[in-house]
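Reader: Before we go through the model, could you set out the terms on which strand pairing is judged, and then take my questions one at a time?

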Amino acid sequence: MPNKIIKIQGILTSGLGTGKFFIEKEDYQKSFKKSLSYIPWPGTFNLKLNSPLPKKIEYSTINGFKEKNKTFGSIKYHKCSIINKKVKNLITHLIIPQKTEHDKITIEIISPKHLRKFLNVKDGDEITISIEE
């Protein structure tokens, strides 16, 4: 039986500025390259959702690591698609860091592209993503 595709809507919002710091960590970059076959653009594309993510989504995990005296948590990820009439086959992944300052209805998306520029979108724009359960 094929997996169910769910569509989720949210509003593009600026992040806390920490996504770039974490994505640029060498251990995360190696793991992203191995698991996703790309190194993400340094930063995240943040959406404040209209409702929480469904709990049925099965995530894969990138392991955390230690660097000096600091522990960096694991990151759950799942492939997603940004629904956009102008752009097809854009590589994107929803990520859920183990350690986050976001609330439960704000999600982070990564891609090898700088999504704001590539999609020509700004804070306040409504964005729809699709995810296979």
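Author: Two strands pair if DSSP finds at least two bridges between them, and the elements themselves are DSSP runs numbered from the N terminus, helices (H or I) having at least four residues and strands (E) at least two. The model is predicted, so local features need pLDDT of at least 70 and side-chain atom pairs count only at pLDDT 80 or more, while totals for chains, interfaces and linings use all residues. Residues are numbered from 1 along each chain as its sequence is written, and side-chain values use heavy atoms, with hydrogens and water left out.

Reader: In which sense do strand β3 and strand β6 pair?

Author: Strand β3 covers residues 60-62 and strand β6 covers residues 75-83, with three bridges joining them. The sense in which β3 and β6 pair is antiparallel.

Reader: Over how many bridges do β6 and β7 pair?

Author: Cysteine 80 has threonine 92, in β7, as its bridge partner. The pairing of β6 with β7 is antiparallel, and its number of bridges is six.

Reader: Which residue in β9 stands opposite isoleucine 83?

Author: β6 also pairs in the antiparallel sense with strand β9, residues 126-132, and that pairing runs over three bridges. Within β9, the residue that faces isoleucine 83 is threonine 128.

Reader: How wide is the arc covered by the buried residues of α2?

Author: Tyr28, Phe32 and Leu36 of α2 are buried, a class that means under 20% relative accessible area, with exposed being over 50% and partly exposed in between (1.4 Å probe, protein chains only). An α-helix has 3.6 residues a turn, so residues three or four places apart point the same way. The arc is taken from the directions of the C-beta atoms as seen from the helix axis. The three residues lie on the same side of α2 because the arc they cover is only 40 degrees.

Reader: Which exposed residues does the other face of α2 carry, and what follows the helix?

Author: The face turned away from the buried side of α2 carries the exposed residues Glu26, Lys30 and Lys34. After α2 comes a residue whose phi is positive, near 70 degrees, and that residue is serine 37.

Reader: What is the relative accessibility of phenylalanine 72?

Author: Phenylalanine 21 is partly exposed, its relative accessible area being 42%. Phenylalanine 72, by contrast, counts as buried, and its relative accessibility is 3%.

Reader: Is the pair of phenylalanine 65 and phenylalanine 72 stacked or tilted?

Author: Both phenylalanine 65 and phenylalanine 72 are buried. Their rings lie 4.9 Å apart centre to centre, with 15 degrees between the planes, and the pair is stacked.

Key:
Rings of Phe, Tyr and Trp (its six-membered ring) pair if their centres lie within 6.5 Å; planes under 30 degrees apart count as stacked, over 60 as edge-to-face and the rest as tilted.
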